[in-house]
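Open the model in your viewer and keep the sequence panel beside it. This tour goes from stop to stop, with something to select at each one.

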Amino acid sequence: MARMAGTKPKTRIQRKNTEQILGAALDAFAQHGSSGASINMIAKAAGLTTPNLLYYFESKDAIRRELLARTLQLWMAPLNMLSPHGEPVDEICEYIRRKLDISKNFPKESKFFANEILSGLPQSKSEIFEPLKELYNAKIAVLEEWIRAGRIAPVDPHHLLYSIWATTQHYADFDVQIEEIAPDKAKDRFADAEAFLLEMYRKLLTV
């Protein structure tokens, strides 16, 4: 969380510096993991001295927590939009599209979040998993109701969500692998992935 206290609005320069710090930290964390990036590395990338950076954030962990909070909101938003009132297969396909858009437009955030999950989220599991678990359980209930009503095929709703996460986030988290092993497929990978995944999930889910 930011070190600056009080309710006094930030100046333009303070807002600019805060975003520069978070942007530099995101780059560093996505590339090196939060444990591999130093506060000095982040300050240098942000164009600030380390003491100046520490005016805005009291520690590297404070920066990490702020990025986690922002990234969690970004990560949860597509799932939150899955409506129980829509046509089920279409709702799930729109969710897949939104997840692919996150991977395409926010690859650093995706890699940062993946790195944090792989690290075991030291000191912040409850901050991440409590709001995510609440949303997850609510959407599992929606999927279960659709299955009971015969509106989608009887699949395991948990594994359905896990597989959507895995197949959509792969295109951000493993972009280097895609570019190395299939460079001719890398350029249009998101459009191709959308067509492939939507066809696959429609076949899986249509009754």
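A salt bridge here is a side-chain nitrogen of Lys or Arg within 4 Å of a carboxyl oxygen of Asp or Glu. Keep in mind that this is a predicted model. By the salt-bridge rule, the count comes to 14.

**Stop 1: aspartate 175 and lysine 111**

Select both side chains. Aspartate 175 and lysine 111 form a salt bridge, with their closest N and O atoms 2.9 Å apart. This pair links distant parts of the chain. Aspartate 175 sits in helix H9, lysine 111 in helix H6 (residues 107–118), and 64 residues separate them. Is aspartate 175 buried or exposed? Its relative accessibility is 14%, so aspartate 175 counts as buried. Lysine 111 has 22%, so it counts as partly exposed.

**Stop 2: helix H11**

Now select residues 189–205. That is helix H11, with 17 residues. At 1.5 Å a residue, H11 should span 24 Å. Its end C-alpha atoms are 23 Å apart, which agrees.

Next, colour the buried residues of H11: Arg189, Phe190, Ala193, Leu197, Leu198, Tyr201 and Leu205. They cover an arc of only 145 degrees around the axis, so they lie on the same side of H11. Turn to the other side of H11. Ala191, Ala195, Phe196 and Lys203 are exposed there.

What do the buried residues of H11 pack against? Show helix H5 (88–105), helix H8 (157–173), helix H9 (175–181) and helix H10 (183–186). The buried residues of H11 pack against these four.

**Stop 3**

Select glutamate 194 and arginine 97. Their side chains meet in a salt bridge, 3.2 Å from N to O. Glutamate 194 is partly exposed at 28% relative accessibility. Arginine 97 is partly exposed too, at 25%.

Then select arginine 189 and glutamate 179. This salt bridge is 3.8 Å, N to O. It joins helix H11, through arginine 189, to helix H9, through glutamate 179, across 10 residues. Arginine 189 is buried, with a relative accessible area of 14%. Glutamate 179 counts as partly exposed, at 38%.

**Stop 4: a network**

Finish with Asp61, Arg64, Arg65 and Glu116. Salt bridges link these residues in a network.

Notes
Residues numbered from 1 in each chain as written. Predicted model: local features only at pLDDT ≥ 70, side-chain atom pairs only at ≥ 80, totals over all residues. Heavy atoms only, no water. Helix = DSSP H or I, 4+ residues; strand = E, 2+ residues; numbered from the N terminus. Expected span 1.5 Å × (residues − 1). Buried < 20%, exposed > 50% of the residue type's maximum accessible area, 1.4 Å probe, protein only. Arc of directions from axis to C-beta. Contact = heavy atoms within 4.5 Å.
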